[in-house]
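Work through the exercises below with the model open. Try each task before reading its solution.

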Amino acid sequence: MIRCRSWRPVADSPHPSGHLPGHCRRCWGICLHPVAPGMPRCTECEVALASHPDAAVRSALAEEPSVSMETLTLLVTDMDAVVATAARWNLDHRLPPAHSEDTETHSELASSTAVDSSPWAGRGNR
Ligand SMILES: [Zn+2]
Ligand SMILES: [Zn+2]
(Lines give C-alpha, C1' and ligand atoms only; values in the text may rest on other atoms or scores of the structure.)
(Ligands and ions follow the chains in the order given, each with its own letter.)
Protein backbone atom coordinates (compact mmCIF):
# COMPACT_ATOMS: atom_id res chain seq x y z
CA MET A 1 0.00 0.00 0.00
CA ILE A 2 1.23 3.47 -0.90
CA ARG A 3 1.15 6.06 1.84
CA CYS A 4 1.08 9.84 1.79
CA ARG A 5 4.54 11.19 2.67
CA SER A 6 3.44 14.79 2.98
CA TRP A 7 4.06 17.01 5.95
CA ARG A 8 0.78 18.12 7.38
CA PRO A 9 0.09 20.93 9.85
CA VAL A 10 -0.48 19.76 13.44
CA ALA A 11 -3.73 21.33 14.58
CA ASP A 12 -2.83 21.82 18.26
CA SER A 13 0.77 22.98 17.85
CA PRO A 14 1.86 25.25 20.74
CA HIS A 15 4.00 27.32 18.36
CA PRO A 16 3.00 30.49 16.50
CA SER A 17 2.75 30.12 12.72
CA GLY A 18 5.85 30.61 10.61
CA HIS A 19 7.58 27.26 11.08
CA LEU A 20 8.16 25.49 7.79
CA PRO A 21 7.43 21.82 7.01
CA GLY A 22 10.31 19.55 8.00
CA HIS A 23 11.94 22.21 10.18
CA CYS A 24 9.67 21.84 13.18
CA ARG A 25 8.23 18.55 14.40
CA ARG A 26 5.77 20.26 16.75
CA CYS A 27 4.03 22.17 13.95
CA TRP A 28 4.32 19.47 11.28
CA GLY A 29 3.86 15.72 11.19
CA ILE A 30 4.14 13.09 8.47
CA CYS A 31 0.68 12.13 7.28
CA LEU A 32 1.02 8.44 6.24
CA HIS A 33 -2.61 8.17 5.10
CA PRO A 34 -3.09 5.60 2.32
CA VAL A 35 -3.16 7.17 -1.16
CA ALA A 36 -3.87 5.93 -4.67
CA PRO A 37 -0.84 4.99 -6.81
CA GLY A 38 0.62 8.03 -8.61
CA MET A 39 -0.60 10.47 -5.98
CA PRO A 40 2.25 12.29 -4.21
CA ARG A 41 0.03 13.14 -1.26
CA CYS A 42 -3.55 12.71 -0.09
CA THR A 43 -6.18 15.33 -0.86
CA GLU A 44 -6.48 16.25 2.80
CA CYS A 45 -2.80 17.23 2.98
CA GLU A 46 -2.94 19.21 -0.24
CA VAL A 47 -6.00 21.15 0.91
CA ALA A 48 -4.37 21.78 4.29
CA LEU A 49 -1.20 23.13 2.64
CA ALA A 50 -3.08 25.17 0.02
CA SER A 51 -5.12 26.90 2.72
CA HIS A 52 -2.26 27.28 5.19
CA PRO A 53 -2.08 30.81 6.68
CA ASP A 54 1.68 31.01 6.03
CA ALA A 55 2.39 32.28 2.49
CA ALA A 56 5.80 30.54 2.50
CA VAL A 57 4.04 27.19 2.84
CA ARG A 58 1.57 27.98 0.05
CA SER A 59 4.32 29.17 -2.31
CA ALA A 60 6.36 26.01 -1.61
CA LEU A 61 3.30 23.97 -2.60
CA ALA A 62 2.77 26.14 -5.69
CA GLU A 63 6.34 25.40 -6.84
CA GLU A 64 5.99 21.63 -6.50
CA PRO A 65 5.99 19.80 -9.84
CA SER A 66 3.66 17.17 -8.40
CA VAL A 67 0.94 19.48 -7.09
CA SER A 68 -2.50 18.80 -8.60
CA MET A 69 -3.94 21.03 -11.32
CA GLU A 70 -6.94 21.70 -9.11
CA THR A 71 -4.80 23.14 -6.33
CA LEU A 72 -2.58 25.00 -8.77
CA THR A 73 -5.57 26.72 -10.34
CA LEU A 74 -6.64 27.78 -6.87
CA LEU A 75 -3.17 29.09 -5.94
CA VAL A 76 -2.93 31.22 -9.11
CA THR A 77 -5.62 33.42 -7.57
CA ASP A 78 -3.89 33.56 -4.18
CA MET A 79 -3.98 36.97 -2.52
CA ASP A 80 -0.22 36.75 -1.93
CA ALA A 81 1.63 37.81 -5.10
CA VAL A 82 4.58 35.47 -4.47
CA VAL A 83 2.26 32.46 -4.21
CA ALA A 84 0.22 33.48 -7.26
CA THR A 85 3.36 34.06 -9.37
CA ALA A 86 4.89 30.73 -8.37
CA ALA A 87 1.64 28.93 -9.20
CA ARG A 88 1.36 30.69 -12.58
CA TRP A 89 4.95 29.79 -13.47
CA ASN A 90 4.27 26.16 -12.54
CA LEU A 91 1.03 26.21 -14.55
CA ASP A 92 2.76 27.73 -17.60
CA HIS A 93 5.35 24.95 -17.60
CA ARG A 94 2.81 22.23 -16.91
CA LEU A 95 0.37 22.89 -19.77
CA PRO A 96 1.22 21.07 -23.01
CA PRO A 97 1.85 23.82 -25.66
CA ALA A 98 -0.41 22.21 -28.27
CA HIS A 99 -3.31 22.13 -25.87
CA SER A 100 -2.87 25.63 -24.46
CA GLU A 101 -2.64 27.40 -27.84
CA ASP A 102 -6.38 27.42 -28.52
CA THR A 103 -7.72 28.14 -25.08
CA GLU A 104 -4.96 30.17 -23.40
CA THR A 105 -3.95 32.69 -26.08
CA HIS A 106 -6.08 35.55 -24.84
CA SER A 107 -5.25 35.19 -21.17
CA GLU A 108 -1.55 34.78 -22.05
CA LEU A 109 -1.58 38.10 -23.91
CA ALA A 110 -3.50 39.84 -21.18
CA SER A 111 -1.12 38.69 -18.46
CA SER A 112 2.14 39.06 -20.37
CA THR A 113 2.96 42.53 -19.04
CA ALA A 114 2.67 41.38 -15.46
CA VAL A 115 4.75 38.27 -16.12
CA ASP A 116 7.50 40.20 -17.91
CA SER A 117 8.15 42.40 -14.91
CA SER A 118 8.64 39.46 -12.58
CA PRO A 119 11.90 37.61 -11.87
CA TRP A 120 10.08 34.38 -12.79
CA ALA A 121 9.77 35.40 -16.43
CA GLY A 122 12.37 32.92 -17.62
CA ARG A 123 10.53 31.59 -20.64
CA GLY A 124 13.70 31.18 -22.69
CA ASN A 125 12.03 31.57 -26.07
CA ARG A 126 12.90 35.17 -26.75
ZN1 LIG B 1 7.02 24.98 15.42
ZN1 LIG C 1 -1.69 13.09 3.58
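**Exercise 1. Contacts and overall layout**

Task: Find what share of the contacts with a separation of 6 or more comes from residues 24 or more positions apart. Then list the order of the elements.

Solution. This is a predicted model. Step one: residues 24 or more positions apart make up 43% of the chain's contacts with a separation of 6 or more. Step two: count the elements, five helices and two strands. Step three: read from the N terminus, which gives β-β-α-α-α-α-α. Step four: check burial. Of 126 residues, 21% count as buried.

**Exercise 2. One face of helix 1**

Task: Name the buried residues of helix 1 (residues 43-50). Decide how they are arranged around the helix axis.

Solution. Step one: the buried residues are C45, E46, L49 and A50. Step two: look down the axis of helix 1. The buried residues fall within an arc of 125°, so they line one face of the helix. Step three: find the cover. It includes strand 1 (7-9), helix 2 (55-63) and helix 3.

**Exercise 3. Helix 3 against helix 4**

Task: Describe how helix 3 (residues 69-76) packs with helix 4 (residues 81-94).

Solution. Two packed helices are described by the angle between their axes and the distance between the axes. Step two: here the angle is about 135°, and the axes lie 7 Å apart. Step three: classify. That angle makes helix 3 oblique to helix 4. Step four: the crossing of the two helices is left-handed. Step five: list the contact. Helix 3 supplies L72, L75 and V76; helix 4 supplies V83, A84, A87, R88, N90 and L91. Step six: sort by class. The contact has seven nonpolar residues, one polar and one charged.

Terms used:
Residues numbered from 1 in each chain as written. Chains lettered and ligands numbered in written order. Predicted model: local features only at pLDDT ≥ 70, side-chain atom pairs only at ≥ 80, totals over all residues. Axes fitted to C-alpha atoms, helices over the stretch in contact; angles between N-to-C directions. Helix = DSSP H or I, 4+ residues; strand = E, 2+ residues; numbered from the N terminus. Parallel < 35°, antiparallel > 145°, perpendicular 65-115°, else oblique. Left-handed = near helix turned anticlockwise from the far one by under 90°. Contact = placed C-beta atoms within 7 Å. Nonpolar A, V, L, I, M, F, W, Y, C, P; charged D, E, K, R; others polar. Buried ≥ 20, exposed ≤ 12 C-beta atoms within 10 Å, placed from the backbone. Arc of directions from axis to C-beta.
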